[in-house]
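Hi,

Here is the structure I said I would pass on.

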Amino acid sequence: MRHLKAGRRLGVTTSHSKAMMRNLVTSLIENEEITCTAARAKELKRLLDKMITLGKNGGLHNQRKALRVIKSKKAFELLFGDLAERYRERPGGYTRIIRLSKKRLGDAASLVSIQLIPESSS
């Protein structure tokens, strides 16, 4: 039984799951929109919100914490530059998940498009 166990298993080992989430976060920051399964998108949203909050707070310690997850220099610069400024006044909820009508071939997993919210509307 999985009582009091947070997060989704995603059908892979822990190390594979961590590597996959790092790659998804880096890709989403660089491209601002990706397509993946619904379960992966929900896990990605949790980690990406934490990364954007680190970018908003700035500082050397937060940069080093973000470098544990982000594996691209371009994504790192976007996170602590453009995205930090874009979401400066926004208290949270930096992503949007849109369900797509098609299913993935092979296992019929529901596909979603996850994207970063555009400029703050305040």
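Some housekeeping first. This is a predicted model, in which local features need pLDDT of at least 70 and side-chain atom pairs count only at pLDDT 80 or more, while totals for chains, interfaces and linings use all residues. Residues are numbered from 1 along each chain as its sequence is written, and side-chain values use heavy atoms, with hydrogens and water left out.

Let me start with α2, which covers residues 38-57. (Helices are DSSP runs of H or I with at least four residues, strands are runs of E with at least two, and both are numbered from the N terminus.) The end C-alpha atoms of α2 are 29 Å apart, which agrees with the 28 Å that its 20 residues should span at 1.5 Å a residue; the expected span is 1.5 Å times one less than the number of residues. The buried residues of α2 are A38, A41, E43, L44, L48, D49, M51, I52, L54, G55 and K56. Buried here means under 20% relative accessible area, exposed means over 50%, and partly exposed is in between, with a 1.4 Å probe and protein chains only. The cover over these α2 residues includes α1 (14-31), β1 (33-37), α3, α4 (73-86), β2 (95-103) and β3 (110-116).

Now the helix pairs. Axes are lines fitted to C-alpha atoms, for helices over the stretch in contact, and angles run from 0 to 180 degrees between N-to-C directions. Angles under 35 degrees count as roughly parallel, over 145 as roughly antiparallel, 65 to 115 as roughly perpendicular and the rest as oblique. Contact means heavy atoms within 4.5 Å.

α2 and α3 (residues 60-67) pack at about 155 degrees with their axes 8 Å apart, and are therefore roughly antiparallel to each other. Their crossing is left-handed, a label used if the near helix is turned anticlockwise from the far one by less than a right angle, with right-handed for clockwise. M51, L54 and N57 of α2 meet N62, K65 and A66 of α3. By class, that contact has 3 nonpolar, 2 polar and 1 charged residues. (Ala, Val, Leu, Ile, Met, Phe, Trp, Tyr, Cys and Pro count as nonpolar, Asp, Glu, Lys and Arg as charged, and the others, Gly among them, as polar.)

One to click on in α3 is N62. At 15% relative accessibility, N62 counts as buried. Apart from neighbours within four places in sequence, N62 is in contact with L54, N57 and F80.

Next, α2 against α4: the axes come within 8 Å and cross at roughly 85 degrees, which makes α2 roughly perpendicular to α4. On the α2 side the contact uses M51, I52, L54, G55 and K56, and on the α4 side L79, F80 and A84. Those residues split into 6 nonpolar, 1 polar and 1 charged.

Then α1, whose 18 residues reach 26 Å from first C-alpha to last, close to the 26 Å expected at 1.5 Å a residue. Buried in α1 are S17, M20, M21, L24, V25, T26, L28 and I29, and their cover includes β1, α2, α4, β2 and β3. α1 packs on α2 at about 70 degrees with the axes 10 Å apart, so the two are roughly perpendicular. The crossing is right-handed, with M20, M21, L24, V25, L28 and I29 of α1 touching R40, E43, L44, L47, L48 and M51 of α2. The class count there is 10 nonpolar, no polar and 2 charged.

Two backbone spots are worth a look. E32, in the loop between α1 and β1, has a positive phi of about 65 degrees although it is not a glycine. E32 is partly exposed at 31% relative accessibility. L10, in the segment before α1, also has a positive phi, near 65 degrees, and is partly exposed at 21%.

Last one: Y87, in the loop between α4 and β2, is buried with a relative accessible area of 0%. Leaving out neighbours within four places in sequence, Y87 touches I52, K56, Y94, L116, I117 and P118. The C-alpha atoms of Y87 and K56 are separated by 7.4 Å, with the two residues 31 apart along the chain.

Cheers
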